[in-house]
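Subject: Structure handover

Hello,

My notes on it follow directly below.

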Amino acid sequence: MTVLEAQDLGKRFGRTWALRECSLSIPKGCTAALVGPNGAGKTTLINCVVGLSQPTEGSLRVFGDVAPGSHQALRSIGFVAQDAPLYGHLRVGAMIEVAERLNQSFDVSLVQRRLQELGIRSDHRVGSLSGGQHAQLALSLALARGPELLVLDEPLARLDPLARHQFMAEVMAAVADGGLSVLFSSHVIAELERVADHLIVLSHGSVRVAGAVDDLLAGHRILEGPAADIDVVGRHHQVLDVESAGRFARLLVRSESPGVELSNWESAVPSVEELVLAYLKEGEAPASPRAEVPPLQIVKTP
Amino acid sequence: MTATLASLAAPPNIKSRVLLRDVVRATWVLHRTMFVSVFLVMVGAGAAILVGHASSSRTSLSGFIQHGCAFGAQVGACDRYRKAIASDVVVFHGIVIAISVLPILIGVFVGAPLLSRERESGTFRFAWTQEVGRSRLTWVQLAAVVAIVAVGTSALGALLGSYSHGLEMANLDSRWEPGLFDATWLTLPAFSVLAVATGALVGAAIGRVVAAMAVTAAVLAGLVLGFFLFLEHLVIGVGGLATSRLSPYGLGVGSLGLPSADASSSPQGSWLIRGWFGSVDGGAISAAARRTIEGGVYANNLPVDFDPTQWLTIHHFAYWVAYQPSSSFWPFQIALLVPLALLTAAASLVAVHHLRRG
């Protein structure tokens, strides 16, 4: 069962394609991180998922065969948009009431309990809350709807490190309570490494790589060895990133055949951050039309 | 068995919807300040009408009408009555002007920000992703605003009609609303609702509050100007023409919008639209001929028993009046309201469709 399935998804604004031929799926119960540079199409993809935008081409389905933006989809997706836009002129209590009234299912006591723990009073104006409190309120309102899928668009962007930690801790606690899938976009790779078990790297409107974090890490290697032998490595692996210093080179490769051992090269499992950065650097090159990785080749040389 | 399995597989209560009363309540909480402001403006305008009406000199107005001063009677008391009600007329016209621009103000300050503020502040990303759905929420918000504006302006229109009735009978008002067929209670809300829909459409399209307000003001001003330019011809088109005695108020459109008191020129109770000098066969006259008429019938030293109609007949001229028979007044109003209603509906539909498209 997938909570999200996109096939050749495209979204065009005027003559510009913000997304093109994106295919990906997110299994139920996972926490998926959507990563990419500014302008990669993360928010566009998320807007399509939550029904704020309609795709120009391709198909997008949630919870099996439900159209985004439909009543069933809206009912089952909690969304915290970038900068967590809420009605600043309202008091927190009124904001909660609005959310409660606009949803058939809404757990007011959950919000009140969480806000009490965070020290946010209901008579505070929403516009007067700190960035962290604001984000926590938006997250509480989304979670109180009891969603099956929680979508967070750059939730950490404006938060200080402590607020980031608290925010993600709340998200993970909600996941741990059971049944919740999460899709969140972020620039903060350190945070996503801690919480994400599924990764989607987006660049120039195309999916560069997508999959379970464990599978992706298992399918990639950091190789360290003589710079003169880079071509040899390239014959066995797809080289995603190369860093060289004199005669020494450090490669991140996609290891399609893990059994191949290369003499003079030391192998290690990359971190999520190294993996993401390699694909983002790769994304600076012209995008491949689909998520599939092209045939073995050196994508970038120093 | 298949149906049973399907129903088991479906999420519970998936058919149930957010209740309308909850959406209305949320709309109230979100737009409480705007609703209260609109209500206070309506109450203020209503109070101004009531105060103006209460403070007017009704005795003098009655005397003015009863002595026929409104239609040229040369009774000595007329000057006294006219002086007594002069300030009432000034106050009345001030109120009429304020009420006349009310629809534009409503469009600019209520209609335009309704959706543009959501887009500008980004709160649409919260509101439109709630279970209620963007279309339903937008329709309820529009309907709530339209309801309060329609009820409020209809009440104001009725008050204004009551206030103006006496002045219209005295031939002292010209606001396209003859007292015999006062329709302000209908036309004022119609224009106000159109203004709200126009503002909402512009706001949805532009997504910036100040820009949406400016464009809405320009569009509504253009609509009003268009009505003033074309409505008269439209009314004349469905009305009738007749030769008349000279209007006591002089040339051209002096008696515009007033009920006819001249049975010889048009059916009693008709709505006089326009008067002008022409040839006896209805043809246009030259500027020189017009100056001749002005010199002949409006000279300063005319004898007391001077008959302008006779003078015109001798000189082969006539005074023409365009009128709308009382029987065609309401059909005309309905014919006018239908395009307004269609425009309003179209503006609302396009606004919501624009939002749905994403």
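Helices here are DSSP runs of H or I with at least four residues, and strands are DSSP runs of E with at least two, both numbered from the N terminus. Counted that way, chain B has eleven helices and four strands. Please keep in mind that this is a predicted model.

Confidence

The mean pLDDT of chain A is 86, and 91% of its residues reach at least 70. The pLDDT falls below 50 over residues 286-302 of chain A. That stretch still has 35 contacts in the model beyond near neighbours in sequence.

Domains of chain A

Chain A splits into domain 1, residues 2-213, and domain 2, residues 219-283. Their C-alpha centres are 34 Å apart. Where the two meet, 14 residues of domain 1 of chain A are in contact with eight residues of domain 2 of chain A. On the domain 1 side, α7 (189-195), β8 (198-203) and β9 (206-212) of chain A each supply at least two residues. The most come from α7(A), which gives four. By class, this side of domain 1 of chain A has nine nonpolar, three polar and two charged residues.

Sheets of chain A

One open sheet has three strands in the order β2-β1-β4 (chain A), paired antiparallel. Its edge strands are β2 (16-27) and β4 (57-62) of chain A, each pairing on one side only. Neighbouring strands in this sheet are turned against each other by 15° on average, direction ignored. Strand β1 (residues 2-13) of chain A pairs with β4(A) in the antiparallel sense over five bridges. In β4(A), A:Glu57 stands opposite A:Gly10.

Another open sheet has four strands, in the order β11-β12-β10-β13 (chain A), and its pairing is antiparallel. Here the edge strands are β11 (238-245) and β13 (266-268) of chain A, and each pairs on one side only. Strand β10 (residues 220-226) of chain A and β13(A) are joined in the antiparallel sense by three bridges. A:Ser267 in β13(A) stands opposite A:Leu223.

Individual residues

A:Arg20 sits in strand β2 of chain A. Is A:Arg20 buried or exposed? The cut-off for a buried residue is 20 or more other C-beta atoms within 10 Å. A:Arg20 has 21 C-beta neighbours inside 10 Å, so A:Arg20 counts as buried. Leaving aside neighbours within four places in sequence, A:Arg20 is in contact with A:Gly10, A:Gly205 and A:Ser206. A:Ser206 is 186 residues away from A:Arg20 along the chain, yet their C-alpha atoms are separated by 5.7 Å. A:Gly10 is also the residue that stands opposite A:Glu57 in β4(A).

A:Glu21 likewise lies in strand β2 of chain A. Phi of A:Glu21 is near 50°, which is a positive value in a residue other than glycine. A:Glu21 has 20 other C-beta atoms within 10 Å and is therefore buried.

A:Glu154 is in the loop between β6 (149-153) and α6 (161-176) of chain A. Phi of A:Glu154 is positive too, near 45°, again in a residue other than glycine. With 20 other C-beta atoms within 10 Å, A:Glu154 is buried.

Chain B has 358 residues, of which 38% are buried. Taking the contacts in chain B between residues at least 6 apart in sequence, 76% join residues at least 24 apart.

Between the chains, 24 residues of chain A are in contact with 26 residues of chain B. On the chain A side, α2 (71-76) and α3 of chain A each supply at least two residues. The side of chain A that touches chain B is made up of twelve nonpolar, eight polar and four charged residues.

Regards

Methods: Residues numbered from 1 in each chain as written. Chains lettered and ligands numbered in written order. Predicted model: local features only at pLDDT ≥ 70, side-chain atom pairs only at ≥ 80, totals over all residues. pLDDT = per-residue confidence, 0-100. Contact = placed C-beta atoms within 7 Å. Domains from an automatic or database assignment. Nonpolar A, V, L, I, M, F, W, Y, C, P; charged D, E, K, R; others polar. Pairing = 2+ DSSP bridges. Axes fitted to C-alpha atoms, helices over the stretch in contact; angles between N-to-C directions. Buried ≥ 20, exposed ≤ 12 C-beta atoms within 10 Å, placed from the backbone.
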